[in-house]
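User: Could you take a close look at the salt bridges in this structure and tell me which parts of the chain they join?

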Amino acid sequence: MTKTFKTLEDFLGTHFIYTYDNGWEYEWYAKNDHTVDYRIHGGMVAGRWVTDQEADIVMLTEGIYKISWTEPTGTDVALDFLPNEGKLHGTIFFPKWVEEHPEITVTYQNEHIDLMESSREKYDTYPKLVVPEFAKIAYMGDAGQNNNDVISEAPYDGIVNDIREGRYFDAQYHRVNK
């Protein structure tokens, strides 16, 4: 995708794959002006995926965007996207329980909200593990807003390559193999 990001509308509906400097790989979609979807492909919670996460999405200045949210796990996330420069900065604030029991979160969160909330109550939440990292954006796709095909299945080995190499979505940005 070759696009210059200037407005919030330019950003909404964009699908990203990026890798943090620590090696963790994420896939993230600005679904609309208040919702994000994502899959995690590397790092301590690789295999986790979420749809329809409520988030605060704003444009700080032309082409620079800040997104923040709190998950049912108690994890807080703040992302600053600079898509025109192909980079972002993210800070993830993992509760102590996620650091100690990440395997509990490695699922499709939407089907396990009760488990996330009960784990948050059962285990320690403090001190938080704070992970601030820069990332390089490896892929940007114009999926359009509210496209439920973008993040619609669990991550699998090779999915990011299938996406980057054009085998995952058709020309209308719908999943090829449902």
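Analyst: What follows goes through a few of the salt bridges one by one, with the surroundings of each partner. The model is a predicted one, and a search of the whole structure finds 15 salt bridges.

One of them pairs the side chains of D52 and K31, with a nitrogen-to-oxygen distance of 2.7 Å. Because D52 belongs to strand β4 (residues 49-54) while K31 sits in the loop between β2 and β3 (35-40), this contact ties together parts that lie 21 residues apart in sequence. The two partners can also be described by their accessibility: K31 counts as buried, at 3% relative accessibility, whereas D52 is partly exposed, with a relative accessible area of 45%.

Another salt bridge brings together the side chains of K136 and D21, at 3.6 Å from N to O. Here K136 comes from strand β9 (residues 129-142) and D21 from the loop between β1 (14-20) and β2 (25-30), so the pair ties together parts that are 115 residues apart in sequence. Both K136 and D21 are exposed.

A further salt bridge is formed by the side chains of R120 and E121, where the N to O distance is 3.8 Å.

Technical notes: Residues are numbered from 1 along each chain as its sequence is written. This is a predicted model: local features need pLDDT of at least 70, side-chain atom pairs count only at pLDDT 80 or more; totals for chains, interfaces and linings use all residues. Side-chain values use heavy atoms; hydrogens and water are left out. A salt bridge is a side-chain nitrogen of Lys or Arg within 4 Å of a carboxyl oxygen of Asp or Glu. Helices (H or I, at least four residues) and strands (E, at least two) are DSSP runs, numbered from the N terminus. Buried means under 20% relative accessible area, exposed over 50%, partly exposed in between (1.4 Å probe, protein chains only).
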